[in-house]
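Subject: Structure handover

Dear colleague,

I am passing on the structure we discussed. Please look it over before reading the notes under it.

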Amino acid sequence: MTDGPIAQSASDTPTAEPVSSTSFQGPASRYDVLAPPPADGSTRARIGRLTLTHGVVETPQFMPVGTNATVKALDPDDIAATGATIILSNTYHLYLRPGHERIARLGGLHKFMAWDRPILTDSGGFQVVSLGDLRVVDDDGVTFRSHLDGTLHRFTPEVAIGVQEALGADIAVAFDQPVTPSSPRAVVTDATERTHRWAERSLSAHTRSDQALFGIVQGGIEPDLRAASTEFIASLPFDGICLGGLAGDETPAQRDATLDIAVPLLAADPRPRYLMGLGSPADLLEAVHRGVDLFDSVLPARVARNGQLWVPGGRLNLRNQRFLDDPGPVQEDCPCLLCRRFSRAYIAHLFRAKELLAYRLATCHNLTFTLDFMDRIRMSIRSGTFPADMPELRLRAGREIGSEGAEKSA
């Protein structure tokens, strides 16, 4: 990708009529575009502020994933200390265990997990349709067997919305049928059309006045299907637009091309844009450059639990022998719990001893690095220097886009 003006779609007029070019006010949310993209087309990156029932989220922003009402290995104070202002929890998993009705009886998801900041719940569609032989999709919904005990369940748009309303997150997401980007065109077409019908049903089913609802764009990497889906979802009265069906088996170039189709169609639409499932620093940077506001991924926490710690310019594999005698911090200027108090030698020892503290400290670090990186991106956009800062930010991200990551030697 070049550092010049980014590619534009042939059409840049969304079907939806936004409230204005700089703000959107919904029943349970407000999104203000504080710094729009520059007129010269050098970037589509923008600064925004999303106001929700439980707080304010500055965008572009990354959401740590708390699948089972917890970010693995961390308590709420740990999560807040990383810089997180919003987290994602998973509808499918919480529906199965401990159950959305139980969580509602216990005061809702915020009280249940002792997190008083915003929460987004995904619809459960990705998990349900990813069950392979354990699920059957029809026009009304999805019948599936629990991965926990094999019991039979059914999700429809109405059920998915009902579960999310019981959980009480600040943002719910419409039920959709995602497919892998490499799926045959006929499969993508069928899933996209079904997603549109389910989007309308999700809107009709949603009743909570204190909960925003986002719709999901599908269409795979087929240019015409992605454009049509973007226009259709944008024509509906959602509070935000999710860009689904990416961060899968597509190449970075295919993802960039797909964003270059979808985002220009939303150019005059002030609602927040959320790319689901993207989490590496390099990929986050490129997607922000292309106009995306929100992200989530398990990646920073998952690789942390495997001993992979992100640092400026690369990553450290703390399972390597050379770190056993290294007295320095993982990252000199990092404010996380690990870097403030412990050495590389200590965390390397914890991983070898399979001590649970290793997972907590490593996860704190990777999330802190990710959220600090997003803060640096926001400061750069706000200052008007983002296009010029891209080479330096790419170096800080430290790897080729879409690759596993370049290991830093020390």
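This is a predicted model: local features need pLDDT of at least 70, side-chain atom pairs count only at pLDDT 80 or more; totals for chains, interfaces and linings use all residues.

Core. The largest nonpolar core has 68 residues. Those that touch the most other members are L109, L259, L275, V288, F295, I377 and F386. By element, helix α14 (residues 356-383) supplies the largest share of this core, with 7 residues. For L259, the contacts beyond its neighbours within four places in sequence are R44, L243, L246, P264, L275, A287, R290 and V292. One of these partners, L275, is itself among the residues that touch the most other core members.

Helix pairs. Two packed helices are described by the angle between their axes and the distance between the axes. For helix α13 (residues 344-353) and α14, the angle is about 130° and the axes are 7 Å apart. The crossing of α13 past α14 is left-handed. On the α13 side the contact is made by Y346, I347, L350 and F351; on the α14 side it is made by L357, A358, Y359, L361 and A362.

The other pair is helix α7 (residues 185-205) with helix α8 (residues 223-234), whose axes cross at roughly 0° and come within 11 Å. The two helices therefore count as roughly parallel. From α7, the residues R185, V188, T189, T192, H196, A199 and E200 take part, and they meet D224, L225, A228, S229, F232 and I233 of α8.

Sheets. Strand β1 is joined to the antiparallel strand β2 (residues 30-35) by 3 bridges, and F24 stands opposite Y31 in β2.

Another open sheet consists of 3 strands in the order β8-β9-β10, with antiparallel pairing. β8 (135-137) and β10 (152-155) each have a single partner strand, so each is left with one side that has no neighbour in the sheet. The twist from one strand to the next averages 15°. Between β8 and strand β9 (residues 142-145), which run antiparallel, there are 3 bridges. V136 stands opposite T143 in β9.

Regards

Conventions:
Residues are numbered from 1 along each chain as its sequence is written. Side-chain values use heavy atoms; hydrogens and water are left out. A nonpolar core is a set of buried Ala, Val, Leu, Ile, Met, Phe, Trp, Tyr and Cys residues joined through side-chain atoms within 4.5 Å. Buried means under 20% relative accessible area, exposed over 50%, partly exposed in between (1.4 Å probe, protein chains only). Helices (H or I, at least four residues) and strands (E, at least two) are DSSP runs, numbered from the N terminus. Contact means heavy atoms within 4.5 Å. Two strands pair if DSSP finds at least two bridges between them. Axes are lines fitted to C-alpha atoms, for helices over the stretch in contact, and angles run from 0 to 180 degrees between N-to-C directions. A crossing is left-handed if the near helix is turned anticlockwise from the far one by less than a right angle, and right-handed if clockwise. Angles under 35 degrees count as roughly parallel, over 145 as roughly antiparallel, 65 to 115 as roughly perpendicular and the rest as oblique.
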